[in-house]
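Trainee: I have a new model to read. Please show me how to go through it, feature by feature.

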Amino acid sequence: MDLSFLRPIYARPGPWASVYLDASHDTEDAVDALELRWRALRDQLDQQGADPATVAALGAAVTRHVPRTGEYGLALSAASGDVVLHNYLPAPPPRDLATVGPLPHAMPLVAQRGEEISWLRVLVSRTGAEIDAVSAGGLPRQAGVDGPAAHPIRKVKPGAWSQARFQRAAEVSWRRNAGASAAATAALADQIGAEVLVVAGDPDARQLLVGQLPRRWQSRTVQTDAGSRAVGADPEPLTEATIQAIAAVAAEHTDRALDRYGAQQGRGDGLPAVVDALQRAQVDTLLLVDDPSSTQRVWIGPEPTQIALDPADLAVMAVDEPCEVRADAALLRALAATDADLVLVGPGDADLAGGVGAVLRYSDPVTR
């Protein structure tokens, strides 16, 4: 998981106030319900000593946000009167939450955001291809790009020689359109760095388009029969096929990280080893079991790699006033600052001491 989206919040000092709340807009009293939920969180922030300007900024962001139809949540973090992080969540958080501390409480956002895979979905017919939806790491957005259809196509049944001639002409235009659509698809996939292409629609047209894609994209293409353009057609099968394709890529990421971690034979296992590795920017990928109830704490200094289990260790790094924070908050800051990835795993997916382990970028005398 790429954590670069968190860097803006670590570029400025705290204290930070973070809130997570259900902002669903699916009932007649949704606005009133949101106001009540915010009041409860505001009281919690006041009790934790949040400064009034920061609380006011969060309140404005919550009550004036652009509502979306259906169930969703909001994740916000603010400092010194400014809301620095404002994210819509695809579903309400497990529970409303308000925290104040030296670092923003970003773990619930990261956990609900999950592994994000850049993907491209194409609906094809014998008249071309429509780039139906694309995601480059955020919520799906409609691309509204159509494939070429300059040559009207009507493929007739085999019969007399004239019908065969018309059929051959139709095949030529069909292939021409498929080639142009394949080129446009590959160009956009390259542009957004897609990891998977989902090609849906007419079976024969799908085969033609996929067959003319560059080889590097053919190996990353998933075909599905879902995706009828018929009026009133159920979109759910296509949505489900897309989700499954994305989930398969995410699972491959996790499997590769677990294999690399296992090959290290215990190096980088447990919080003490991970902290030591983060101090040296040695972590390539962190494996973490998300545990909202965790009480693990670490000490930090102003710089992201100033992290330790004992405040005395930070004194060696010339940190005069170390702060004690949630371990997951400090880990996320260090990972984002050192361009390390994060993989969230289940409690039974790997044998991780304390629910945390690291795939290391290099080995040194300490980790040998």
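Trainee: How many helices and strands does the protein chain have?

Mentor: First, remember that this is a predicted model. The protein chain has 11 helices and 15 strands. Buried residues make up 45% of its 368 residues. Take contacts between residues at least 6 apart in sequence: 68% of them join residues at least 24 apart.

Trainee: Where is confidence lowest, and where is it highest?

Mentor: Start with the general idea. Where pLDDT is low, predicted coordinates should not be read in detail. Here the chain has a mean pLDDT of 82, and 82% of its residues reach 70 or more. Confidence is highest in strand E1 (residues 16-22), at a mean of 97. It is lowest in strand E7 (residues 145-146), at a mean of 36. Over residues 136-174, pLDDT stays under 50. The model still has 61 contacts beyond four places in sequence for that stretch.

Trainee: Which residues have the most contacts inside the largest nonpolar core?

Mentor: Residues count as buried under 20% relative accessible area. The largest nonpolar core has 43 residues, and those with the most contacts inside it are Leu 3, Leu 6, Val 110, Leu 286 and Leu 342. Helix H11 (residues 327-337) gives the largest share of this core, eight residues. Apart from this core lies another, of 18 residues, among them Val 19, Leu 45, Leu 58 and Ala 61.

Trainee: What is Val 110 in contact with, leaving aside its neighbours within four places in sequence?

Mentor: Its partners are Met 1, Leu 3, Phe 5, Leu 6, Leu 332, Leu 342 and Leu 344.

Trainee: Why is H11 largely enclosed by the rest of the structure?

Mentor: Count its buried residues. In H11, 10 of the 11 residues are buried, so the helix is largely enclosed by the rest of the structure. The buried set includes Leu 331, Leu 332 and Leu 335. Asp 328 and Arg 333 are buried too.

Trainee: Now the second largest pocket. Which residues lie nearest its centre?

Mentor: Pro 94, Arg 95, Leu 97, Pro 108 and Pro 292 lie nearest the centre, out of 18 lining residues. Two elements give two or more residues to the lining: strand E4 (97-101) and helix H4 (107-113). H4 provides the largest share, five residues. The pocket has a volume of about 370 Å³. Its lining divides into 10 nonpolar, three polar and five charged residues.

Trainee: Which peptide bond is cis?

Mentor: Look at omega. The bond from Gly 14 to Pro 15 is cis, with omega near 5 degrees. Pro 15 is found in the loop between helix H1 (7-10) and E1.

Trainee: Is Ser 80 buried or exposed?

Mentor: The cut-off for exposed is over 50%. Ser 80 has a relative accessible area of 53%, so it is exposed.

Trainee: Where is Asp 339?

Mentor: Asp 339 sits in the loop between H11 and strand E14 (341-344). Its phi is also positive, near 60 degrees. At 52% relative accessibility, Asp 339 counts as exposed.

Technical notes:
Residues numbered from 1 in each chain as written. Predicted model: local features only at pLDDT ≥ 70, side-chain atom pairs only at ≥ 80, totals over all residues. Heavy atoms only, no water. 1 Å grid on protein atoms, 1.4 Å probe; cavity = no way out; pocket = protein on both sides within 12 Å on 5 of 7 lines; lining within 4 Å. Points joined across faces, edges and corners; volume = space filled by probe spheres on them. Helix = DSSP H or I, 4+ residues; strand = E, 2+ residues; numbered from the N terminus. Nonpolar A, V, L, I, M, F, W, Y, C, P; charged D, E, K, R; others polar. Core = buried A, V, L, I, M, F, W, Y, C linked by side-chain atoms within 4.5 Å. Buried < 20%, exposed > 50% of the residue type's maximum accessible area, 1.4 Å probe, protein only. Contact = heavy atoms within 4.5 Å. pLDDT = per-residue confidence, 0-100.
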